[in-house]
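Dear colleague,

Please find the structure below, handed over for your study. My findings follow it.

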Amino acid sequence: MYHYQDITRFKNCKRLFQLMRRTREERSGYFSYYNVIKSPESSILKKLGVVSYFKGSIGDSVQVSLDALKENEWIVQARFEYRGLRIRIPILHHTDSLTEVYFTSNAPYPGTECAETFSVSVEILRQCGIVPDKVFLVFPNMQYVREDELDDDRMWIVSENFITPKGNISKSVYEVIREKQKNLDEIIDRMEKCEMEELREPVKNSYCTKREQCRFYADCFPEFKDLPDNSIMHLASSSEKEKMFRNGILYLKDIDLEKMDASRVQYAQVMADRCGGFYADHAALKHWFEGISSDPAIFLDFEWDLYLIPPYPGMKPIHPVVNQYSIHIVNGDTIEHKEYLGEGDCRRELAEALLRDIPSYGKIYAFNAKGAERIRIEELAEYFPDLAEDLLDLNKRLVDLQVPFESGVLYDVRMKGTYSLKTLTKMIDPYHSYSDLDVSEGLEAVEIHRLYEKCEDLEEKERMAKDLKEYCSMDTEELVKLYFWMESLLDSGSEVKP
Ligand code: SF4
């Protein structure tokens, strides 16, 4: 039995296809990226005005779906198959004179990258005797702002066209599918043959590290396993590093900077290795600190969950709700901690508590502030116009502690080409670890918060609240350490190591 993912793997890496077919592990511990307050499927069906329909299940034969189609105008999640290649059609509308397929997407602007999957599905339908007259795409309407009640009709867009990344109408879904029409027999023959063949040799391709590292990476490329901190393979944003590695240039310090157009980060990496493992551009660091140091110094971290369908008034699709923060306030020798943990629609309560807890003057430090805290504060200001001025004032005082690392002002080879807060924490404070906590990762915190909201056992709920608070508080504690570590570098020569 093949699924569409098998075709994708086969196309991208034959070895991955073979390995996945041979291991066939069940997926476990599935984590939904979006918090779902209402099933998208039922919301879409409401939009389409569908009241009565047949719903398919795992393991249904093609005959079950075909029989359902005879008795129902609408069928949902129906299974179809051709020569063992199995698909699921989200929504199918069939009358005596018309057959329509509705593909669904969570992407705000679904483009032609989905066309391959759709064309395989439509071809399998054809093989099963169903020829669609029209093909639609259903996706979230990013202009929709929820009022008190969810408006399913305005929540979704039904389009016969793909959408460009800027939100404009692109090519017809039906036409693109027709252009990409597949010869399924040829694809299935090739997959069957490949499955029987000896395991292919690994060939590095963009799929090896796309989004996240392939699960077979260490087996495919053992030469890149347990690399030293100063390995050239940690060179940031470089398409040439593997070539250099294979040509015997193994360490960052051996890179000839004259021969490459190095970015500031790459320069810092090479210099760090040449200077014993650590590099600081002291002049740049001093200049940066002059503009940002303050008393009190306020350290802020937010936690939030992301919703596909807006759960509360004023929200748009695919929007977050901040449900927690931690603040450390350092004033001379004193350090004070404030925190908030909410549930449900806690946006206003959180915004008001934030304005109370943050002193009215002093810089506010966060990590990746421009990609997170700044945007979250802007969203809160939009929800609550009466608090907007005070909230947006916080943004004027916001400083991003990630800047010296992402701009190559500071680099330590132990960063191994990355600069997440956890990497830096491990570097400056090796004995203080997130792994000592019951909640140790961002996604785990999101998952626990979802359970926390639903938990009715008070004791258990309290335990979860404690874990969530500890996790968020650890982030701001580490921000304090990071800030003072950077400040300590100002008085040191370039020889200083953390
Ligand atoms: S690491 Fe790369 S070569 Fe190896 S299986 Fe994965 S995608 Fe294929």
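Val 480 is buried, as its relative accessible area is 10% (buried means under 20%, with a 1.4 Å probe and protein chains only). The model is a predicted one, in which local features need pLDDT of at least 70, side-chain atom pairs count only at pLDDT 80 or more, and totals for chains, interfaces and linings use all residues. Residues are numbered from 1 along each chain as its sequence is written, and side-chain values use heavy atoms, without hydrogens and water.

Val 480 belongs to helix H19, residues 458-490 (helices are DSSP runs of H or I with at least four residues, strands are runs of E with at least two, and both are numbered from the N terminus). Leaving aside residues up to four places away in sequence, Val 480 touches Phe 299, His 328, Val 330 and Ile 335 (contact means heavy atoms within 4.5 Å). Its C-alpha atom is separated by 8.9 Å from that of Ile 329, 151 residues apart along the chain.

Helix H14 (residues 373-383) also has buried residues, among them Ile 377, Leu 380 and Tyr 383. The buried residues of H14 pack against several elements, including strand S10 (297-307), helix H13 (347-357) and helix H15 (385-396).

The domain assignment of the protein chain gives domain 1 (39-182), domain 2 (211-279) and domain 3 (280-498); such bounds come from an automatic or database assignment. Between domain 2 and domain 3, the C-alpha centres lie 30 Å apart, and 15 residues of domain 2 are in contact with 21 residues of domain 3.

Yours sincerely

Conventions:
Buried < 20%, exposed > 50% of the residue type's maximum accessible area, 1.4 Å probe, protein only.
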